[in-house]
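Here are a few notes for a first look at this structure. Please keep the model open while reading.

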Amino acid sequence: MKKSYIISAMFALVMVFSMSCETLDESPKSVLAPEGLFTTPEELQAAVNGGYSLLTREEFYGRKLSLALLVRGDMCGIGDPSTSARRQTCDLMQMGVDNGLVNVFWPIGYKILAAANTVINAQDVVSGDEADVNAVVAQAYFLRAYVHYVYMRLFGEIIYMDGQPIDDPLAIQQTSIADSYEGIIADLEYAAEWLVDIPVDGSYPGKAAAHGMLASVHMTRATSTAAETSDWQDALDHAEEVINNEGKYGVALETDYYDIFDPNHTSTEVLFKVVMIANDSYEKTPGDLGGSNAGTDQIASVTGPRGDERFTAVNAAAFGWSAIVPELEVYTSWNGKDYRKAVSLDTAITFEGNPDYYFTNWGGIPQNVARPAIAKYFRAVGESNTINGIETGPSLRDSNAKHIMMRYAEVLLIAAEASVELGNNAAAVSYINRVRARARNAAGAGDAKYPPSPVPADITGTVTIDDVLEERRLELAFEGVRWYDIIRRKKGDVFLGAAPALETRNFDPARDYLWPKFDVDVTLLDGLTQNPGY
């Protein structure tokens, strides 16, 4: 592999802005080379771990990107009317080029790409067993593919960072969708070849994560203008590689749907996750929130109900913010006998000593709204909104919750969708019914509160794409994938006449399937163009 210098788009910006106007024509170049940085696979792994840690930052999945994905879809809206404008404009399809969510998470993604490229470009200068080195480098390829895949779906044509030398950063050009797909697929194929069969835990990708992600990429490309004729078959092949090798890859559906989201449970269903660690620097000094650990989750607080006293009686109103809440239609249309509804939605809290304070009364709590709350983050066995178990202090917003990037149930549903497209109805029925069978087996063996239920019943007859999308909507509710389903299947009509919604959304299909790119980069780089309508 060619040894090359490392530079990311954001690193180039930092270098440019550090110069005077008189020296802008000097064409800044990176001076960071892999030689001497790494000598062992262990040192390479430390660099990859740095990329993982960036995923956990508040500016990325800790709040900004995860919140944007939630509120942009059709299942959530703004609960607190006083919440920041950057959230409300994202929800209302009114994002501008200066949107405060994009402006914060866009640079972090390119830092992750720079970290991944640093490792990839050091592959040939590290001594050690080739298989050991390649297994670490494969993680960097997976990270590089993953971030490019996220950004390409959100922004369309982006600057694809392949780690090659950049002689003039200001002359860099954005990459076509077709070429970005080729790079992403090549990276994931390398990852699928060299990643370990069974990683230490889901915070490291293994072969199942790589094949699952390849299935997702081929599925998405199959519905785009850059589609290849073999994409649906490729999506199915990669999904079935996981399905047919559950034992080899150590994956399985959880018996109890709730256990997937329990931070104290190591789930065999989670193929890749981002692990948040509550801030251990907190010293309980009045007004001091600590802050040495940047990789902390705040999406639990953003989605939690205000005034909840279930987990602590100290300053309970400071915990849940009710900023992002489910649309009421999500609650009313979801069959109450489906155990996934109980796990996904919170409908009662303890408030002012009342242990069963129902959501229809929550509108009386300041900055709250009479809507159920998202439960997959906040109601995590008491772990949410604690700082390493400390339950006192001025504002407890951190969490030990885990953000799931991909899990086995999604792979099964990708296989179902590909089977529908390929005309194999029996296979589609089988894959969907595996997911539904688990959903019926409430609480594992079934306790008194959630006994096994006949809902959802096995699907019969001819399976349609809408059947699969609906199953994905419920099974993967509030896990950050709904918006991707809307854009890849061009389902913007879900925002038309959807009532009772919290807000009216004027979705413009000519503009709103893509988000505005980071305008600082667009302004500085002639080769990066802003998306239509922004």
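Are F351 and Y357 buried or exposed? The points below start there; note that this is a predicted model.

1. **F351 and Y357.** F351 is buried, and Y357 is buried too. Their ring centres lie 5.0 Å apart. The planes meet at 50°, so this pair is tilted: stacked needs under 30 degrees and edge-to-face over 60.

2. **Aromatic pairs.** The count of aromatic pairs comes to 27. One of them joins W106 and Y110, with ring centres 5.4 Å apart. Their planes stand at 45°, so that pair is tilted.

3. **W106 and Y110 in their helix.** Both residues belong to helix α5 (residues 102-121). They are four residues apart, so about one helical turn separates them. W106 has a relative accessible area of 0% and is buried. Y110 is also at 0%, so Y110 counts as buried, the cut-off being under 20%.

4. **A ring cluster.** W106 and Y110 also belong to a cluster linked by ring pairs. Its members are F60, Y61, F105, W106, Y110, Y151, F155, W483, W515 and F518.

5. **Charges over rings.** R153 lies over the face of Y149, 3.5 Å from the ring centre. The charged end of K490 sits over the ring of Y513, at 5.1 Å from its centre.

6. **E417.** This residue is found in helix α15 (residues 408-421). E417 is buried, with a relative accessible area of 0%. Its side chain makes a polar contact of 2.9 Å with the side chain of R489. Beyond four places away in sequence, E417 touches M219, W232, I465, V468, L469, R472, R488 and R489.

Technical notes:
Residues numbered from 1 in each chain as written. Predicted model: local features only at pLDDT ≥ 70, side-chain atom pairs only at ≥ 80, totals over all residues. Heavy atoms only, no water. Helix = DSSP H or I, 4+ residues; strand = E, 2+ residues; numbered from the N terminus. Buried < 20%, exposed > 50% of the residue type's maximum accessible area, 1.4 Å probe, protein only. Polar contact = N/O pair within 3.5 Å; in protein donor to acceptor, adjacent residues only side chain to side chain. Contact = heavy atoms within 4.5 Å. Phe/Tyr/Trp six-rings, centres within 6.5 Å; stacked < 30°, edge-to-face > 60°. Lys NZ or Arg CZ within 6 Å of the ring centre and 35° of its normal.
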